[in-house]
Number of protein chains: 2
Amino acid sequence: MAYDTQTVREIIDKVRAEDRSSLTAPEGRLVCEAYGITTPGEGLAGSADEAVRLAAGMGGPVVMKIVSPDILHKTEAGGVRVDVHGDDAVRTAYTEIVENARAYSADAAIDGVQVQQMLSGGQEVIIGATTDPTFGKVVVFGLGGILVEVLKDVTFRLAPVDDATAGTMLSDIAAAEVLRGARGAEPVDAAALAGMIRRVSDLITDFPEVRELDLNPVFARPDGASAADVRILLETERVPEPVRYTDEEILATMTRMMQPRSVAVIGASAEQGKIGNSVMRNLVDGGFAGEIHPVNPKADEILGRTAYPSVADIPGEVDVAVFAVPAKFVVASVAEVGRKGIPAAVLIPSGFAETGNADLQQELVDTAREHGVRLLGPNIYGYYSTHQDLCATFCTPYDVKGGVALTSQSGGIGMAILGYARTTGMGVSAIVGLGNKSDIDEDDLLTYFESDDNTSCIAMHLEDLKDGRAFVETARRVTATKPVVVLKAGRTEMGARAAGSHTGALAGDDKIYDDILRQAGVVRAPGLNEMLDYSRGLPVLPTPKGENVVIITGAGGSGVLLSDAVVDNGLSLMEIPPDLDESFRAFIPPFGAAGNPIDITGGEPPSTYEATIRLGLEDPRIHALILGYWHTIVTPPMVFAELTARVVAEARAQGIDKPVVASLAGDTEVEEASEHLFRNGVVAYPYTTERPVAVLGAKYRWARSAGLV
Amino acid sequence: MAYDTQTVREIIDKVRAEDRSSLTAPEGRLVCEAYGITTPGEGLAGSADEAVRLAAGMGGPVVMKIVSPDILHKTEAGGVRVDVHGDDAVRTAYTEIVENARAYSADAAIDGVQVQQMLSGGQEVIIGATTDPTFGKVVVFGLGGILVEVLKDVTFRLAPVDDATAGTMLSDIAAAEVLRGARGAEPVDAAALAGMIRRVSDLITDFPEVRELDLNPVFARPDGASAADVRILLETERVPEPVRYTDEEILATMTRMMQPRSVAVIGASAEQGKIGNSVMRNLVDGGFAGEIHPVNPKADEILGRTAYPSVADIPGEVDVAVFAVPAKFVVASVAEVGRKGIPAAVLIPSGFAETGNADLQQELVDTAREHGVRLLGPNIYGYYSTHQDLCATFCTPYDVKGGVALTSQSGGIGMAILGYARTTGMGVSAIVGLGNKSDIDEDDLLTYFESDDNTSCIAMHLEDLKDGRAFVETARRVTATKPVVVLKAGRTEMGARAAGSHTGALAGDDKIYDDILRQAGVVRAPGLNEMLDYSRGLPVLPTPKGENVVIITGAGGSGVLLSDAVVDNGLSLMEIPPDLDESFRAFIPPFGAAGNPIDITGGEPPSTYEATIRLGLEDPRIHALILGYWHTIVTPPMVFAELTARVVAEARAQGIDKPVVASLAGDTEVEEASEHLFRNGVVAYPYTTERPVAVLGAKYRWARSAGLV
C-alpha cells in the first residue's frame, strides 16, 4: 500500500515540536488523506465563483462557513449555511455570509468562505484505534449513535489487520444486519469500510506514537464511506518495550524445566508439614526417575538423597531448582542458581508483590535476569509434568497421564484442577502454577506445549496477560494445531476489581479480551466448570470435518433441550436430506420423528440405538452426533453405553472419526454409563443436556478458528 | 378510569358490520382518543384563517396537506408542506398549497388543507398489544427504529397491566438508558409512556376482539408522548375459551390424587417385566400404607392383594386409578372409573397424541369430562408422592422425603430428575409426569403444591403451556410464598421446532415466555442442570432479607471468579463500610485484602475462616455470604466444612438466618466436604465458582419477585 508516510511524519514531528498531544482538525484531515482515508471534500473560496466551482466539484449539498481569525462565533455572525444546493444557492450564500460577517464586525479580516461537502444519509459508524495497556494497538468498529454509546455494540481487533480480518468486524457487532441493508435499505459498501479500518490499522502500526484515533462519525453509503470527523492523540510518554525471548530461547529453557534430568530442591526438609518436605516427598513418591538433589545447609540426607549446603555443591548439571525457602532468602539463592548455570527457578514461596512487596519482586526479577535464570512464580503451588512422573509441588502427586496441559494464575484454581482431574481421571500432561508471573508466563508455556508431543490441548486460567500481544501471536500459531482454552477471570467489572485487589494487575476491558482472544483462535471458557469440562472433553473428541450436527434421542424431551443447547453453542442442526430421512425412518417406529432431532422414541431396544448411531456415523454428510439416551428397562444404561462405545470403535477402526457426545437421562446407573462412554471416546454426562453440547461447541469453535471445519 | 367505551363499541361494530378486519386511520384515532391515548392534533382547514387558528392551537410546527378526492399524488401536486412554523408561514403555505393544487388540476374538488401537528424530536418508541396463542392479550414496548427491528429489543407483559407494571417495561429493554436521557438528553416522560401502555392494555382487555394494536411510532418527549400512527386489527374468528376449574375443585381432586387412601391399578400384572407389574411392585415396595387394588379380569390376586375384574367391583371408595393397559382399552376404562366415582386417572399408557392418535386422545378427554374424571397424562412414567410413600410409577421407588415438588412434561427428564435426586439425596415431596397434558397441567399441580405443607419449592419442566394465562395467574399467587422454578424447553427456534415434532405443541415466542414468566414471579432455569441445582438448593437456603452480598475467600483467584458469578447472576457485592472493613481486617493478615471480596489469603488456620464467617453472619448489614474455600494442610476440607456448618448452625440458633453458599477448590476431599455442607444448610459445590452463586441468584430472583427482599 503506497501511503504518504512522509507527510504524516512531518505533521507528527511538528505537533511534537509544538509540545501538543493532539492534532488539529486540518492536521487530522491531512493524515487521513496521506493514508487514503476518505474525508469530505473541502476548500476555501475567496470569491462566489470559486465557491460555486468548489461545490460543483464535490457534488451534492455543501456546508459553507465564514473563515476569519476575528470571528469566533460564526453562527452568531450569520456566517454559516448548511444544506446548500446548486450553483445559485451557493452564490447567494457566499454573498450573504460575507455581508453578514461584515455587518457583524466591520473590521474583521475575512479569509474567505470554507465550502465543505455535506455528508448525510448513509449509516453512521465509528472506526477507531486505541492503545490498550495489555494488547497495544487495537482497532475498533461499531455503529454510531446510541448503539455504541448505550449498548456498547463495538468490536475490537489487534492491529495490524488485513482486509479480511477488518471485514469480520462488520459482521461481528449485534446490529450487523443494519449494514447488510435492514428495513429495505441498500447495503453499505463493506469493502470501503473494511478498507478504512485497514488503513487506520496501518497508520497506527506505522506510527506507534499515535495513541488514539477516532473517525466519528464515518458515513457509510452503498457506494463508499467518508470520515466526517477525525481526532488523533499522540503518546505523551514512552511505553517500555516488554522483555521478549526468541522461541528457541524459550523452548530451550522450558524443555529443561518441564523435562528435567536433574532437580534441586532449595529448602528441602526432612520435617513433616514443611513445604520443603512435601515437595521432596512428592518428587520421590511421584516416581521421578531423574536426579533429586535436596539443598539444605543443616542436613546430610533427606528422604534417602544426599543433601547439599548450596546448589553450588551439587555435582553435575541441574535443570531446574524448586524453591521452598522463605521469601527473604529467595533473591540470594536465585543468584546462586544462576551461577550454577541452572536455567529455571520454580518459586513456591509467597511474600512478594501479592503481599505488597513489589520491590522485593523487582529485585528478584533483576537478579534473575542478570544471572540468566527464568522464574516460574513466585507464589505458586509448583508444577506437575506427568509424563516425566514429576510432581514438583507441595500438593499431592498426580499420575494420570494424558493430553491436556493446564496452567493457573491462582493456587486455588490449581487445586480445583487437581481435584477435578483426580475425580474424573482426566489425563494430564502438565499442571503449572503461574502465580505472580514475575517472568515466565502463558506464552512461554504455550510455546513449550506446542512442541510437546504429549500435549494435545492446553487450558489456562488467567486474570491478566503481562504482554497480550506476545500471547496472541503465540496463541495464533499454537491454535492452528492444538486447542487452547482460556478461563479469563475478572470478566465483569466487579470481577476485574477483585482481580485488582488480588494481584494488582490492571485488567483490560473485557470486551477487548473477548474479541482479541477469539481473533487468536482461543476458546474462551465462561467459568471454571466449563474450563474443566473442555479440558477433559476436547482431547477425547475427534475434530469435526463439517458443520452438520445430528441429534439422535430416545427421549423427545431431551431432544428439545439438546436443540436449545445446539443453538446456545453456535452449532447447526443438519437439514436431513430426504434419502437420509428415509434411511433413519427404516429403523424407528412410525410415530417416531425423523428430521433432526431424530426421535427414536422411548422403549426402543438396543438394536434401534445401534442402527441409528451406526447410520449417523457412516453417512458422510453427517459430521457430528449428539446422543440423547433415556433410561428404560429395554435398553439399560450400561447396555446403551457398551453398544455405543462398540459402534464408535468399529467406525473409528474403519477410519470414520466423528465427534460423538451423549446426554444420559435416567436413574443413577447413567453415571457409570457416562464414565464408560467417556473412557471410550464419547463425551458423556448424566442429568444434563447442556454440558456435552457445550464441549462439542468448544471443539467446533477451535476447529473453525484453525480452519479445519 | 373513565373511558369512552361507547364510541369504541360503535366503531368496532361498524367495522364488523362492514366485514372489515382492520380499522382505518381515522377510526384508529377515534379509538385512541376514547381511551385517552394522545395522538397528534389534526384538523381540516377550509381557509387560511382557519389553518392559522388550527396550527396555533397545536403549538409548534405543523404539516399541511391538500385534501382532495381528485389528487392522489399530493407531493407531486405541490400539495404538501412540512415543518411549517408560525402564523405567517401557515397562511402562506395554505395559499400556496391551494394554488399549486389548482395549477396541477384545474377541476379538482378541493375539500381544504389538513393541518397536523408535526411530531419530531423526542425519542421514537413502539407501544403495542397482541394476542398470543399461549398467553392471550399481551402488551409490548420497545424503542423504535433498528433497535426493535434488528435487535428485537422489546419487552412483553400479560395484560392487563397497572401503571407500575407498565413502568417496569421502560427499564426492561437493553437500551433503557436512552429513555433516562443518554448523551446529555433530557429524560422522556416515563409516566406518560407508562400511562399509554396501561391505556392500550385497558383497551384490549375491555375489547378482546381487538387482536392487534400498534402505536408506531410514539414520540416520547420530556413533557408527554404522542402516538403518531395507529394500526388496529380485529379478531376474525372466535377463540375458544379454555376449560377451567375453580381452585376448590382442583384442590379436591388433586388432594385425593396426591394423598390417596385407596389406589386402583388398572392392568395390574403378576408378570415381571410388564408395566402393570412394575407399578404394583413399586406401590407395595414403596411402603404405601393405603389400600392397593389390582384390577385384572384374569387374576385373583397380585402381589398378595385381591385382584378385581373391574374397578366397579372394588369395595369402598377409591381415590385414584393408575392405568397400565394398552391405549385402546383406556377410554372404556376411564368411563368405568368415572362411574365408580374415582376423581383421577393416572394414564401411563402411550399411543395417543404423541404417536399421531389425536382423535383417540380427544375421545379420551371427552369421555373423562363426561364422567367427571380428571386425567394425568397420558404417556407418562406415573408419579411419586413421597410423604405418602406413594410410588405409582414403572420406575424405581424413591423415598427421600423433602420439600421440593418436581414435574416434567417429558419422561426422559423425569428419569433425569429421579437419578439426580437419588445421587444427591435431594429431599422431594413429589415427582409427577405430565406427558401429553390432555387434562391436568401445571396450574392444577401448582394449586395443589401451594396448599401442600410438605412442599416448599416447586420445579417444573415444560415445553408448552396449555393455558398460559391460567398458569400465570396461579403462579403469581403461589410465588408469593413458594419459589417456582421453570425449565421451559424449546427456548430457541430450533428447540421449539423439536418441541413441535415431539408433542405437536405450538411453542410461543420465547421472549414472550421469558418476560411473562418473570412477571409471574417464576425463576426460569436456563437448562436441565440448573433446574436440578435450583431444586436441590432453594429449599436449603433461607430467604435473604436484603441485597448486600459478601464474598469471603481463602483463594484470591476464587474471589475474582466468584465476583464474575455475582454479576452474572444479578447480585450486588456490598460496599463494605469502613467500620466493618476494620472489623474484618482484625482477623486477616495485613496483606490480605478486605473490601469485597474479603481475601483472607491462603494458608490461614480454621480460626480465620471461623472468625470472618461469624462476623459476616452477625453483622446485620450483610444479607448473604459466598464462601470461597481453598484446600490447604492448615485448614483441610472437612475441617472447613465442619466449622462452617457449626458457625451457621449457631447463628441460626440465635435467629440469624442468612443464605450461605460455598465454592470449594481443592483435591477430591472437597467433594465430601461439599456434601457435608449441603446437608447442613450451606449450598456447596466442588470445582466450580459458578453453581453455588447461580443457586443464590435464583433464591434472590424469587425473593425479589415475592417482595421479600
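In this predicted model, A:P597 sits in the loop of chain A between helix 20 (578-585) and strand 27 (598-599), where helices (H or I, at least four residues) and strands (E, at least two) are DSSP runs numbered from the N terminus. The peptide bond that leads from A:N596 into A:P597 is cis, with omega near 10°. As this is a predicted model, local features need pLDDT of at least 70 and side-chain atom pairs count only at pLDDT 80 or more, while totals for chains, interfaces and linings use all residues; side-chain values use heavy atoms, with hydrogens and water left out. Residues are numbered from 1 along each chain as its sequence is written, and chains are lettered from A and ligands numbered from 1 in the order in which they are written.

**Backbone geometry**

- Most residues other than glycine have a negative phi, and most peptide bonds are trans.
- A cis peptide bond also runs from B:N216 to B:P217, with omega near 0°.
- B:P217 belongs to strand 8 (residues 210-221) of chain B.
- B:K152 is not glycine but has a positive phi, near 50°.
- B:K152 lies in the loop of chain B between helix 5 (146-149) and strand 7 (154-158).
- With a relative accessibility of 57%, B:K152 counts as exposed; the classes are buried under 20% relative accessible area, exposed over 50% and partly exposed in between (1.4 Å probe, protein chains only).
- B:T601, also a residue other than glycine, has a positive phi near 75°.
- The loop that holds B:T601 lies between strand 27 (598-599) and helix 21 (606-618) of chain B.
- B:T601 counts as buried because its relative accessibility is 9%.

**Overall layout of chain A**

- Chain A contains 24 helices and 30 strands.
- The C-alpha trace of chain A spans about 100 × 80 × 40 Å along its principal axes.
- Of the 709 residues in chain A, 60% are buried.
- Chain A is divided into domain 1 (5-117), domain 2 (123-234), domain 3 (246-380), domain 4 (398-539) and domain 5 (548-705), with bounds from an automatic or database domain assignment.
- The centres of domain 3 and domain 5 of chain A, taken over C-alpha atoms, are separated by 49 Å.

**Buried elements of chain A**

- Helix 14 (residues 442-451) of chain A has 8 of its 10 residues buried, so this helix is largely enclosed by the rest of the structure.
- The buried residues of helix 14 of chain A include A:E442, A:D443 and A:D444, as well as A:L445, A:L446, A:T447, A:Y448 and A:F449.
- A:T39 is placed in the loop between helix 2 (25-34) and strand 1 (42-45) of chain A.
- A:T39 has 12% relative accessibility and therefore counts as buried.
- A:T39 and A:I204 are 165 residues apart along the chain, and 18 Å separate their C-alpha atoms.

**Salt bridges**

- Over all chains, a search of the whole structure finds 97 salt bridges, each a side-chain nitrogen of Lys or Arg within 4 Å of a carboxyl oxygen of Asp or Glu.
- A:R20 and A:E18 form a salt bridge through their side chains (2.8 Å, N to O).
- A:R20 is partly exposed at a relative accessible area of 25%, and A:E18 is partly exposed at 41% relative accessibility.
- A salt bridge joins A:R477 and A:D247, whose closest N and O atoms are 2.9 Å apart.
- A:R477 lies in helix 15 (residues 468-478) and A:D247 in helix 9 (residues 247-258) of chain A, so the pair ties together parts that are 230 residues apart in sequence.
- A:R477 counts as partly exposed at 32% relative accessibility, and A:D247 is partly exposed with a relative accessible area of 29%.
- In chain B, the closest N and O atoms of the salt bridge between B:E442 and B:K437 are 2.8 Å apart.
- Both B:E442 and B:K437 are buried.
- A:R157, A:D172, A:D510, A:K511, A:D514, A:D515, A:R518 and A:R524 are joined into one network by salt bridges that share partners.

**Surface charge**

- A patch of negative charge on the surface gathers A:D359, A:E363, A:D366 and A:E370.
- Patches are made of residues with over 30% relative accessible area and no salt bridge, with like charges joined within 9 Å and nonpolar side chains (Val, Leu, Ile, Met, Phe, Trp, Tyr) within 5 Å.
- A:D359 is in helix 12 (residues 358-370) of chain A and counts as exposed at 66% relative accessibility.

Notes
Accessible areas come from the Shrake-Rupley method with a 1.4 Å probe; for residues, only the protein chains shown count as cover. Lys and Arg count as positive and Asp and Glu as negative; His and the chain ends are not counted. The place of a charge is taken as NZ of Lys, CZ of Arg, CG of Asp or CD of Glu.
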